[in-house]
Amino acid sequence: MVPTYNEKENIAALIKDIFTSAPNIFIRVVDDNSPDGTARIVQELTNTYPNLSLMRRAGKEGLGIAYIDAFRAVLAEPDVRSLIMMDADFSHDPKEINTMLAKLSDYDVVNGSRYVTGGGIENWKWYRRLLSRFANFYVKTILGTKISDMTTGFICLNKDVLKKIDFDRISSDGYAFLVELKYRFFKSGASFYEHPIIYRERREGQSKMSSGVIWESVWLPWKLKLGI
Ligand SMILES: Nc1nc2c(ncn2[C@@H]2O[C@H](COP(=O)(O)OP(=O)(O)OP(=O)(O)O)[C@@H](O)[C@H]2O)c(=O)[nH]1
Ligand SMILES: [Mg+2]
């Protein structure tokens, strides 16, 4: 699953790279009617790649809602057994997909982690690194999870873990959504494996990081902890 919003510079190259690394998987792009025409590019590529599909949403509602809609759709598809979530901007390396998927035979969730041995971040400015480190420390301290990297969106999971989650209770977006999702998996008893990844700054296009996204992440762990 690849959520997109204005990723026209990245999406075609990413799809090609994913199919080169993992030719037998299915890619579903979940686009929020990107004004830059990302969906049109993907739609055209479905003629070249039979394993590619597009979920077209009416408008920008955020990463969280886009993923939840895509989860709901996939839960109704009996042939899908496992999922991998990844960003469209090349921050997540398609070459990791096979190794991560293979680990699903032993674990429910395989979390792409920058903060385990072998993991790391390339070409991020010092303040993004600091913010990410602090966010992870903050969230883990409040929630008491053992997961090293709560804020990456490179996540592989057995579809069954989704069945235990009440999506109606999730309202967060962006980083907060990723934290909430991992927390809810953790609370439902899912086993986690942390696969080291090297995270890279987006290749092209614009970041959707905003102060609203950060403030939501400050409040979220308290909300989860207090169950409100
Ligand atoms: N469908 C959908 N996808 C989104 C939305 N917002 C962001 N995305 C996608 O979610 C992924 C992560 O978003 P990014 O903008 O890369 O966020 P980020 O990684 O925090 O920021 P960068 O540092 O710029 O990479 C990308 O593939 C985006 O295109 C949205 O509202 N809807
Ligand atoms: Mg990104």
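Helices α7 and α8 pack side by side in this predicted model. Helix α7 covers residues 174–187 and α8 covers residues 211–226. Helices here are DSSP runs (H or I, at least four residues), strands are runs of E (at least two), and both are numbered from the N terminus. The angle between α7 and α8 is about 25°, and their axes lie 8 Å apart. Axes are lines fitted to C-alpha atoms, for helices over the stretch in contact, and angles run from 0 to 180 degrees between N-to-C directions. The pair is therefore roughly parallel. That label takes angles under 35 degrees; over 145 is roughly antiparallel, 65 to 115 roughly perpendicular, and the rest oblique. The α7 and α8 crossing is right-handed. In such a crossing the near helix is turned clockwise from the far one by less than a right angle; anticlockwise is left-handed.

Helix α5, residues 126–143, also packs with α8. Their angle is about 15°, with axes 9 Å apart. So α5 is roughly parallel to α8. This crossing is right-handed as well.

Now turn to ligand 1. It has 20 residues around it, each with a heavy atom within 4 Å. Glu-7, Lys-60, Asp-89, Tyr-175 and Ser-207 come nearest. Polar side-chain atoms of Lys-60 and Asp-89 each lie 2.7 Å from an oxygen atom of the ligand. These are polar contacts (N or O atoms within 3.5 Å).

Residues are numbered from 1 along each chain as written, and chains are lettered from A and ligands numbered from 1 in written order. Local features need pLDDT of at least 70, side-chain atom pairs 80 or more, while totals for chains, interfaces and linings use all residues; side-chain values use heavy atoms, without hydrogens and water.

Conventions: A polar contact is a pair of N or O atoms within 3.5 Å; within protein, one must be able to donate a hydrogen and the other to accept it, and residues adjacent in sequence count only if both atoms are side-chain atoms.
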